[in-house]
Amino acid sequence: MAGELILVVEDDGKSRRLVHDVLEYEGYRVAEATAGDEGVRLAKELVPALILMDIQLPVLDGIAALALIREDPATRTIPVVAVTASAMEHDRPKIRAAGFDGHQHKPINVREFVALVRRMVDSGARGEA
Ligand code: MN
């Protein structure tokens with residue numbers, strides 16, 4: 001089923017626009033935040049089916065934002081995928097340890113990106129461990 005809401009937290013306009021356009025083309029609804037704190041606020045307000053989270057963000061980075069999203073029972077089960085620049089390869093262990101549900105590289109490969117999004121959305125909320 002399409003039409004699910006996806007929250008994109010990304011401060012780079014060009015990346016945000018590309019992701020937005022691809023998701024809309026695939027039939028998803030898109031909400032956008034350009035800073036980590038705004039992403040957390042919108043996650044609580046909108047409870048999207050999936051969050052795509054950049055790591056380097058103003059105010060709160062993606063890892064701190066993820067921690068706040070996981071702290072709140074209202075947003076805890078939303079799957080969150082880290083979207084990171086290839087230049088941040090060295091941060092991979094840190095990103096994995098933070099507990100993201102998936103990891104997507106920028107610039108995105110559209111076909112792989114869509115497959116990942118579909119898989120994450122269709123698998124539904126994260127299991128409550
Ligand atoms: Mn960024």
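**View 1. V59 in the loop between strand 3 and helix 3.** In this predicted model, V59 is placed in the loop that runs between strand 3 and helix 3. V59 is not a glycine, yet it has a positive phi of about 70°. The relative accessible area of V59 is 66%. Exposed means over 50%, so V59 counts as exposed.

View 2. With a relative accessibility of 44%, V47 counts as partly exposed.

**View 3. The buried residues of helix 2.** Helix 2 covers residues 36–46. The buried residues in this helix are G36, G39, V40, L42 and A43. Looking down the axis of helix 2, these buried residues fall within an arc of 170°, so they line one face of the helix. What do the buried residues of helix 2 pack against? Their partners are strand 1 (5–9), strand 2 (29–33), strand 3 (50–54) and helix 3 (62–71).

**View 4. The cis peptide bond from K106 to P107.** The bond that joins K106 to P107 is cis, and its omega is near -5°. P107 sits in the loop between strand 5 (102–106) and helix 5 (110–122).

**View 5. The protein chain as a whole.** Five helices and five strands make up the secondary structure of the protein chain. Along the sequence they follow the pattern β-α-β-α-β-α-β-α-β-α. The C-alpha trace spans about 35 × 30 × 25 Å along its principal axes. For 129 residues, a compact globule would have a radius of gyration near 14 Å, and the 13 Å of the protein chain agrees with this. Of the 129 residues, 46% are buried. Taking contacts between residues at least 6 apart in sequence, 63% join residues at least 24 apart.

**View 6. The surface and charges of the protein chain.** The protein chain carries 16 positive and 21 negative side chains. The centres of these two sets lie 3 Å apart.

Methods
Residues numbered from 1 in each chain as written. Predicted model: local features only at pLDDT ≥ 70, side-chain atom pairs only at ≥ 80, totals over all residues. Heavy atoms only, no water. Buried < 20%, exposed > 50% of the residue type's maximum accessible area, 1.4 Å probe, protein only. Helix = DSSP H or I, 4+ residues; strand = E, 2+ residues; numbered from the N terminus. Arc of directions from axis to C-beta. Contact = heavy atoms within 4.5 Å. Rg over C-alpha atoms; globule rule 2.2 N^0.38 Å. Lys, Arg positive; Asp, Glu negative; His and termini not counted. Charge placed at Lys NZ, Arg CZ, Asp CG, Glu CD.
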